[in-house]
Amino acid sequence: MIGVNTAKELGASTSIGAVMAGLLAMPGLAGITLFGEKLQPNSGGIFAVLMVVVFSSKFEVWFRSIIKESLDLIVTPFVTILVSAMVALIVFQPAGHYLNQILAQGVSVALLTSGGGAVATGGILGGSFLFLLLTGLHQGLIPIHAEILQTFGLNYLFPILAMGGMGQVGSCFWVFLKTKNQRLKKTLIGALPVGIFGVGEPLLFGVSLPLGKPFIAGCIGRAAGGGGALMAFFHVGIIIPFGTAGLSLIPLVGDGQILDFLIAVAGAWIVGFITSMIIGFNDPEK
């Protein structure tokens, strides 16, 4: 599906994208030795698929522009697959494998150690995630989520990031208790319940971001609580690459980790609430 969608986005043939992605996972690669090294099926993972399909799509579009239309139907797919396959096995598969190793080592050091480094990393990631969400850059993490799951069996990064909205639930609950603005209170009555279960946009765009200070308080809550430090401390992982957020993530949490997950979420709520209480907010008149 990654091969198909990548080719589609680049204006190339989705069938060729599927073939190139499938090529990298063929079991028969295990019987091939290249430059003294045995090939490993799917060793390049998602990164290799992305790189080779980008290459094959660009090559296909270019080659189609120079080939005669009468030969295009037969020659273009054949040449594209032949050239892209050679480049994939010689360049992109090893490169993807190398990137996977770097990613695995980075996750092991940053998130799976028992020292303070993992807690600090989790806090930074959790506290800063909503800034990625606001810019849309969080979509670029999808291949990384898939690779972490494939390498470790659980995705330890997504629970940290998925709790991005839990800190703001705590901060906005303080706003709900203190505001005298009936329109804002009505917004919070509808936004807080869905925010608890992971749909954070109503709180983000309707309350915390416009008010400013609750957004900052929520970021602190995410860093110190469920958004980062506690989630990293407990090494909570999920069984799929990515999914829902908030309490709706509970069915996807790894075996024996639900209590740790709930403690981390509660930590985000509490820290966000206390921080919002300390720094306050400007209650809108209208």
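These legends describe close-up views of a predicted model.

**View 1. A nonpolar patch on the surface.**
Seven names make up this view: Ile216, Ile220, Ile270, Ile274, Met277, Ile278 and Ile279. Together they have about 630 Å² of accessible area. Two elements, α11 (213–224) and α13 (258–279), each give two or more residues to the patch. Helix α13 provides the largest share, with 5 residues.

**View 2. Ile220, a member of the nonpolar patch.**
Ile220 sits in helix α11. Is Ile220 buried, partly exposed or exposed? Its relative accessibility is 39%, so Ile220 counts as partly exposed. The reason lies in the cut-offs: buried means under 20%, exposed means over 50%, and partly exposed is in between.

**View 3. The second largest pocket.**
This pocket holds about 230 Å³ of space. How is such space found? Rolling a probe the size of a water molecule over the atoms shows where empty space is left. Which residues line the second largest pocket? They are Leu34, Phe35, Glu37, Lys38, Leu39, Gln40, Ser43, Leu89, Ile90, Gln93, Pro94 and His97.

**View 4. The lining of the second largest pocket, by element and by type.**
Strand β2 (37–38) and helix α4 (69–111) each supply at least two lining residues. The largest share comes from α4, which gives 5 residues. By type, the lining divides into 6 nonpolar, 4 polar and 2 charged residues.

**View 5. His235, a residue with a positive phi.**
His235 is not a glycine, yet its phi is positive, at about 55 degrees. Where is His235 placed? His235 lies in the loop between α12 (229–234) and α13. Helix α13 also gives residues to the nonpolar patch of View 1. With a relative accessibility of 22%, His235 counts as partly exposed.

**View 6. Gly44, a buried loop residue.**
Gly44 is in the loop between β2 and α3 (45–66). The relative accessibility of Gly44 is 0%, so Gly44 counts as buried. The cut-off for buried is under 20%. Gly44 and Ala25 are 19 residues apart along the chain. How many Å separate their C-alpha atoms? The separation is 9.0 Å.

Conventions
Residues are numbered from 1 along each chain as its sequence is written. This is a predicted model: local features need pLDDT of at least 70, side-chain atom pairs count only at pLDDT 80 or more; totals for chains, interfaces and linings use all residues. Side-chain values use heavy atoms; hydrogens and water are left out. Patches are made of residues with over 30% relative accessible area and no salt bridge: like charges are joined within 9 Å, nonpolar side chains (Val, Leu, Ile, Met, Phe, Trp, Tyr) within 5 Å. Accessible areas come from the Shrake-Rupley method with a 1.4 Å probe; for residues, only the protein chains shown count as cover. A salt bridge is a side-chain nitrogen of Lys or Arg within 4 Å of a carboxyl oxygen of Asp or Glu. Helices (H or I, at least four residues) and strands (E, at least two) are DSSP runs, numbered from the N terminus. Buried means under 20% relative accessible area, exposed over 50%, partly exposed in between (1.4 Å probe, protein chains only). On a 1 Å grid over the protein atoms alone, a cavity is a set of points where a 1.4 Å probe fits but cannot get out, and a pocket is an open set with protein on both sides within 12 Å along at least five of seven lines; lining residues have an atom within 4 Å of a point. Grid points are joined across faces, edges and corners, and a volume is the space filled by probe spheres set on the points. Ala, Val, Leu, Ile, Met, Phe, Trp, Tyr, Cys and Pro count as nonpolar, Asp, Glu, Lys and Arg as charged, and the others, Gly among them, as polar.
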